[in-house]
Amino acid sequence: MEEITIDVNYLARVEGRGALNISISKDGKVEDLQFRIYEPPRFFESFLIGRKYDEVMELTSRICGICPVAHQITAIRAIENALGIEPSQQTRDLRKLMAISAHIQSNVFSMYFLSLPDLMGYESIITMTKDNLDIVKRGLKLKKLGNDITDLIGGRAVHPVTAVVGGFTVIPSRNKMKAIRKRLVEAKQDAYDTVDLFSEVEIPDFERKCEHIAISDPKEYSINHGRFRSTEGLDIDEMEYRDYIREEQVPYSTALHSHVKNRSSFMVGPLPRVNINFDQLSSDAKDAARRSGVKFPNFNPFVSHLARAVELVHDIDESIEIIDRVPLKEERRNFICKAGFGAAITEAPRGSLYHSYEIDNNGIVKKADLVPPTAHNANNIEKDLQEFVLTLLDLSMDEITLKCEMLIRAYDPCISCSTH
Amino acid sequence: MVKKPKIAIFKFTGCAGCQLELLHLEDIFLDLLELFDINYWVMVKRDNDEKEWDISLVEGGISTPKEIEEIKQIRKKTKFLVAFGDCAIGGCIPSIRNWIPQMEAENQVYPDTSTIHSMKVLGIGEYVKVDAILKGCPPHRETIVELLKSALLKIRPRLKQHPVCVECKFRDNACLITSKKMACMGPVTSAGCGAICPSLGRECEGCFGPMSNPNASALASIFKDIGFSEDDIKRKFRKYAGMSSEFQKEALHEWKK
C-alpha cells in the first residue's frame, strides 16, 4: 500500500481551533498521530490569582460560550466547598434545572448542527435545510427550549448572571415556569424523534474498551453532584481528584493531556454518563434507550450521539420534575468569608469538569486549578484514532479524513475550554 | 435578484460565546440563511470559501503572532469588518492577564513554555482598521440583528452610546449605588443589554465595555466613598475593558492620585 498522510489544518464543526495530522507507513503502521490543539491559551489559572471569590464564577463563565453554565456552577460549588457553605434544596434544584437546560442546548447543538451533517451526507446544517427542513426545524426548536430555560433562570443564555455563591440573586416567577413546563411536555415527542433519528443513522462499527468516567449518585442522574466513578473501579470524592488524575504537557498541543494515575487515558461525556448511570435515567429515557436496540454499557465512541439523545429524553423528564417540586421562594444568602481550599466536579455537556480554588481570609484567590472535559478527553481521542484509522485503510483519502473527523466530533470537543 | 451579501465568521482568542449568541437567533436562523450567503464559518461548516467577503464578523482577541497575520489577511479580503464582542474590541476577560508578566502567566500553566507563543491579548483594532464594533460579552441578539439589517439596507447601524443607567430608568429599577451601596458599573458602561443585571438584583459588572465618553474617575471615587477598597476598584476596571483608553487610569490605579 501507499503511505497515507492526513492533514486537517483547521477542524470544522467543532468549537475552537484544532488540527489533525496522521501519517501511516507503507506497511500499515501509524507512524505519527496528533490531535493538535493550537487554540491560543488564555491563562485563566494565572489571572484568577488575585481576583475575589465572588467573581470567580463570572470570570470562569468566559472560558466557554457553549457551556458557561457548567463553569459557573462548578466554580460556585468549589468556592462553597472552600467556605463550608451548604446550599438550600431549592438552590440545588434550580442549579440542576439550569445545568440541564445548558445540556439540552449544547447536546442538541452537537447532535443537529455539528455531527448530523456527517451522518446524513451534508457539509453543514445550512445545506441540510434544502431536503431536511423538518429535521433542522426540530433541532432549532429544541435548542431554543434549552436556551430559554437558561435565560429564565440565569437572566441570559450565554454567560448568565443570577447564579452566585450561596444561591441566586433572583428566583424565576411561577407563571414563567409554568409556560416553560408546557413547552417541555410538548418537546418530549421531539426528543423521542431525536432518539429514533440517531438510532437509524449509520455509524462506524468501532469499539475500543477504555476507562469511562462520570460523576455518579445512586439517588439521581448526576450532573452537579456525585462521586467521580469509572468503569475500572475508580470511586473518589471530588476533593481527592488530584490524588488520582494527572496532567502532562505534549509539545504539539496547548491543551494538557490527562490520565488516571498509574493507568491510561480515559473518556468523559454523555456515553460514559449513560454507561455508568443508566439506572438513574428516567424510565422513559431507559425505555427509549432499549427501543433503540443499542446495548449499554457501550464502548463505541460514535454511540455518544445516541447517548446525547437518550439524555435529552431524561433531561426533559427531570426538568418537569424539578419545576413541579421547586417552591420558588425568596431565600437569604448568608455566609462568612474565610480561608480554605475547595474543589468541585460537575458534568458539563461534554463530560466531567473540575475546578478547585485556594482562597485567603479576605476571599482572594491564591491558586486555581481547572480541567475541562476536552482536556480530559484529548489524550483518549488520540488513542481511539490510533486504532480507528487502521480500520479505514481500504477507503479513499477523503473518506479516511472524514471518518477520523467524525470520531473527533463524536466527542464534541470544546477546544477553547481545553486550553482555557 | 439582488446578490446576497457574503458573510464570514471568524474566531480568535475567546470563548465562542458571540458565535453562540448568533446561533441563538433560532427564530430567524432560516431567514438569515435566505438573506445572507454565509460562506465561511468553521464552527458550523466543513466547506469554507476563503476568497472574499462583504462582511466579516470577528470574534476573539489577538494573542499570538500567527493571529496577527491572520487578521491582516482577513482585513484584505473583507469589505466591512466587525469586531464582534468585547474580546475582539479589547481582549475582554482574558486581558486581565495583560497585567501579569507574560512568563509568569505561562509558568503558572505550562511546565515547558518553549512551545507557547502567546503575547498580550488585544483587540483586533490594534492591528487592522475596524468598520464597526458590537459591544458585549456577549453582544445582545437584538444588536446583532440591528447590524445585519443595516448591512442589508446599507445604512449605519444604530448602536447605543448611552450608559446602562438609561436602560435602568426605562425599567424603573432603583439605583443600586444610591439605594444599596453596591459597586454598580452601570454609569460608565455602554447600554445594549437592557440592564439585565440591575433588573435581576445584581450590580452591573460592565460586560458591554465603556460607554461613549464616560466619567470613570468620578465613579471610582463614589465606589471609594461607599466603602470599597482600592484593590476592589482596580479589579472592577480590570475586567471586561481594562485595556480601553476610557478605563485606563482606573485600571492602572492612577485615579486616586
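Analyst: B:Leu35, B:Leu152, B:Leu153 and B:Ile155 form a nonpolar surface patch of about 360 Å². This is a predicted model, in which local features need pLDDT of at least 70, side-chain atom pairs need pLDDT 80 or more, and totals for chains, interfaces and linings use all residues. Residues are numbered from 1 along each chain as its sequence is written, chains are lettered from A and ligands numbered from 1 in the order written, and side-chain values use heavy atoms, without hydrogens and water.

User: What makes a nonpolar surface patch?

Analyst: Patch residues have over 30% relative accessible area and no salt bridge; nonpolar side chains (Val, Leu, Ile, Met, Phe, Trp, Tyr) are joined within 5 Å, like charges within 9 Å. Areas come from the Shrake-Rupley method with a 1.4 Å probe, and for residues only the protein chains shown count as cover.

User: Is B:Leu35 called buried, exposed or partly exposed, and why?

Analyst: Partly exposed. Its relative accessible area is 41%. Buried means under 20%, exposed over 50%, and partly exposed in between (1.4 Å probe, protein chains only). B:Leu35 sits in helix 2 (residues 29–35) of chain B. Helices (H or I, at least four residues) and strands (E, at least two) are DSSP runs, numbered from the N terminus.

User: Why is the contact of B:Lys11 and A:Glu15 called a salt bridge?

Analyst: The term needs a side-chain nitrogen of Lys or Arg within 4 Å of a carboxyl oxygen of Asp or Glu. Here the N to O distance is 3.9 Å. B:Lys11 lies in strand 1 (residues 6–11) of chain B and A:Glu15 in the loop between strand 1 (4–8) and strand 2 (18–24) of chain A, so the pair joins two chains.

User: Which other residue forms a salt bridge with B:Lys11?

Analyst: A:Glu39, with the closest N and O atoms 2.4 Å apart. A:Glu39 is in the loop between strand 3 (30–37) and helix 1 (44–47) of chain A, and B:Lys11 is in strand 1 of chain B, so this pair also joins two chains.

User: Are these two residues buried or exposed, and how do you know?

Analyst: Buried. A:Glu39 has 0% relative accessibility, so it counts as buried. B:Lys11 has 5%, so it counts as buried too.

User: What makes strand 1 of chain B largely enclosed?

Analyst: 5 of its 6 residues are buried, so the rest of the structure largely encloses it.

User: How do you know which strands pair with strand 1 of chain B?

Analyst: Pairing needs at least two bridges found by DSSP. Strand 1 has 4 bridges to strand 2 (residues 37–41) of chain B, running parallel. Strand 1 also pairs in the parallel sense with strand 3 (residues 53–59) of chain B, over 5 bridges. There, B:Ile7 has B:Ile55 as its bridge partner.
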